[in-house]
Amino acid sequence: MLRKRIGTAMAVLVVLAPFIFGLNFLFNGSGAASGFGITPWPEGDADGYFIVKGVRDLTVALTALTLLLRGHRRTLGIAILIATLMPLGDAYAVFTHGGTLVQALTIHVSAAVLMLIGAVLLLTEKQP
C-alpha cells in the first residue's frame, strides 16, 4: 500500500512539475529561461532550446507508440487530443515571432487538424 501511494505521489509530481514549468515559460519566458539554465536570446545562445524541442517531440512520439503497442487506443486518443495543443502553440509562436501566417497554417495548424482527426477516430471506435 505504501509503495502504491509513493508511486501515485511521484506520478502527480510528473504531472504538476511540467505543468507549472510550462505555465512559467508561457507567462514569464525570460525568467523561466534563466531558471532553466540556458541564457535567453538575445544575450545568450538560444540553440539549446532546439534540443528541448527535439526531446519534447521524441517524448510525445514514444508515449504515443507505447500506448499504441499496448493496445490502449482510447487512452491514446485522449493523449493525442491533448497533444494537439502543441502544434497550435507552435503555430502561435511562429505567427507571433517572425513567421508567416501561411507557415503557421500549413505546417502547424494542418498538423493539429490531422491529430484531431486521429484522436476523434480513436475515441469513437467501438469498444470490444
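Helices here are DSSP runs of H or I with at least four residues, numbered from the N terminus, and their axes are lines fitted to C-alpha atoms over the stretch in contact, with angles from 0 to 180 degrees between N-to-C directions. The model is predicted, and side-chain atom pairs count only at pLDDT 80 or more, while local features need at least 70. Residues are numbered from 1 along each chain as its sequence is written, and side-chain values use heavy atoms, without hydrogens or water.

Helix α1 (residues 2-27) packs against helix α2 (residues 29-36) at about 130°, with the axes 5 Å apart. This makes α1 oblique to α2, a class left over once angles under 35 degrees (roughly parallel), over 145 (roughly antiparallel) and 65 to 115 (roughly perpendicular) are set aside. Asn-24, Phe-25 and Phe-27 of α1 make the contact with Gly-29, Ala-32, Ala-33 and Phe-36 of α2, where contact means heavy atoms within 4.5 Å.

The structure also holds 4 salt bridges, each a side-chain nitrogen of Lys or Arg within 4 Å of a carboxyl oxygen of Asp or Glu. One of them joins Lys-53 to Asp-57 at 2.4 Å, N to O. These two residues are 4 apart in helix α3 (residues 48-69), and therefore separated by about one helical turn. Asp-57 also meets Arg-56, at 3.2 Å.

Another salt bridge, between Arg-73 and Glu-125, spans 2.5 Å. Arg-73 lies in helix α4 (residues 73-83) and Glu-125 in the segment after α6 (101-123), so the pair ties together parts 52 residues apart in sequence. Through shared partners, salt bridges join Lys-53, Arg-56, Asp-57 and Asp-90 into one network.
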